[in-house]
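Me: I'd like to go through this model and ask what stands behind each label. Could you take me through it?

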Amino acid sequence: MIARGDRREGGRWTTRQRAKNDAIWLVARAAIAASAHIPRGVLVHIGAALGAFAYHALRAARRIAEANVARVFPELAPASRRAIVRKTYATLGRHLGDVVAMLDPSRPLIPLPLTDGARACMENAIAEGRGVVFASAHIGPWERVAIALVEHGIPLTVVAREAYDPRFTAIYNRLRKGHGVNVVYRGARGAATGLVRTLRRGEVLGVPMDLASRVPSINVAFLGVPAPTPLGPARLALRTGAAVIVGTVAASRDGRDGGDGRDSGDGCDGSHDLVVTMTRIETADLEPTEAGERALTTRINDELGKRIRAMPEAWVWMHPRWQMQSAE
């Protein structure tokens with residue numbers, strides 16, 4: 001179903017929506033301009049404060065988050081569930097501050113380190129020559145994960161959805177393309193062809209798999225609860241023979257670096273405690289059929305679920321993951 005006011009779906013803004021979106025854009029543009037004069041650490045603390053404010057002010061989103069945590073962690077007491085949600089808002093706020101800081105190209109940015117295992121996993125998959133479907137999730141500083149891959153010499157193109165306001169899409173381009181991350185927008189003409197060509201060149205195609213979206217989806221377990229999950233990544237991988245890797249941030253074992261002796265951040269956003277880890281998903285036993293696509297989608301979800309459970313405060317629980325209906 002097309003949302004009337006969603007321009008990405010062919011809708012048009014009402015006069016009231018336009019006024020609201022123009023106001024949001026003006027505030028965002030002014031904030032980004034002002035951020036150029038604010039140290040990264042301060043921006044991160046401001047983001048955390050905004051996250052705390054959002055937790056109290058955005059009641060509808062908070063209720064969705066609490067309901068989602070209850071679905072996944074029914075064994076936890078209500079107070080523990082609320083604590084996860086509260087910490088989630090603060091964590092996402094800090095990452096927002098870090099993203100704003102990354103918009104300034106003059107600021108030094110040391111990429112997140114890859115573990116030795118992650119590097120070997122990716123290099124071996126690329127060497128097979130059929131491309132790699134890199135399934136990821138919105139865990140922690142997910143924009144830094146893409147940038148880290150590029151900084152470590154991995155040819156990456158990510159699949160993204162256009163922002164509800166085209167002016168914000170331009171900001172996303174500035175963030176991603178400014179750091180060497182190629183982007184294919186789902187609504188762009190020829191997007192499907194671009195995705196296949198990326199794999200045929202033997203490159204890496206990054207696809208977020210953890211959020212419900214208006215794309216062909218199937219209901220499979222996600223964090224132990226059936227949820228509509230995009231089918232495209234599994235279909236692409238099985239039809240092209242591409243390798244499948246799940247990769248996200250994870251807590252560093254030593255709490256400081258990724259094993260190569262380099263601090264991965266400036267210590268202000270918590271990224272110095274994170275590394276990028278990867279897991280190869282088995283596909284050799286699967287055929288490019290509906291059953292094969294379902295099985296592969298389930299395997300990807302299982303791995304992503306493990307990663308979210310390991311860092312529950314870093315995932316976007318306020319997303320209506322189980323409230324959207326599948327297009328299956």
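Reply: Gladly! Let's begin with helix axes: they are lines fitted to C-alpha atoms, for helices over the stretch in contact, and angles run from 0 to 180 degrees between N-to-C directions. Helices (H or I, at least four residues) and strands (E, at least two) are DSSP runs, numbered from the N terminus. This is a predicted model, where local features need pLDDT of at least 70 and side-chain atom pairs count only at pLDDT 80 or more, while totals for chains, interfaces and linings use all residues. Residues are numbered from 1 along each chain as its sequence is written, and side-chain values use heavy atoms, with hydrogens and water left out.

Me: What is the average pLDDT of the protein chain?

Reply: The average is 88, and 89% of the residues score at least 70; pLDDT is the predictor's confidence in each residue, from 0 to 100. Over residues 255-270, though, pLDDT stays under 50.

Me: Why are α3 and α4 called oblique to each other?

Reply: The axes of α3 (residues 59-72) and α4 (residues 78-102) cross at roughly 125° and come within 9 Å. Angles under 35 degrees count as roughly parallel, over 145 as roughly antiparallel, 65 to 115 as roughly perpendicular and the rest as oblique. The α3 and α4 pair is therefore oblique.

Me: Which residues of α3 and α4 meet?

Reply: Ala61, Arg62, Ala65, Glu66, Val69 and Ala70 in α3 meet Arg81, Arg82, Ile84, Val85 and Tyr89 in α4; contact means heavy atoms within 4.5 Å. By class, this contact has 7 nonpolar, no polar and 4 charged residues. Here Ala, Val, Leu, Ile, Met, Phe, Trp, Tyr, Cys and Pro count as nonpolar, Asp, Glu, Lys and Arg as charged, and the others, Gly among them, as polar.

Me: At what angle do α2 and α4 pack?

Reply: Helix α2 (residues 40-57) packs with α4 at about 145°, their axes 7 Å apart. Their contact includes Gly47 and Gly51 of α2 and Gly93 and Gly97 of α4, and it comprises 11 nonpolar, 4 polar and 5 charged residues.

Me: What makes Asn21 count as buried?

Reply: Buried means under 20% relative accessible area, exposed over 50%, partly exposed in between (1.4 Å probe, protein chains only). Asn21 is at 4%, so it counts as buried. Asn21 lies in helix α1 (residues 15-35) and touches Trp13, Tyr164, Asp165 and Arg167, not counting residues up to four places away in sequence.

Me: And how do you know whether Leu223 is buried or exposed?

Reply: Its relative accessible area is 5%, so Leu223 is buried. Leu223 sits in the loop between β5 (217-222) and β6 (225-230), with a positive phi near 55° in a residue other than glycine.
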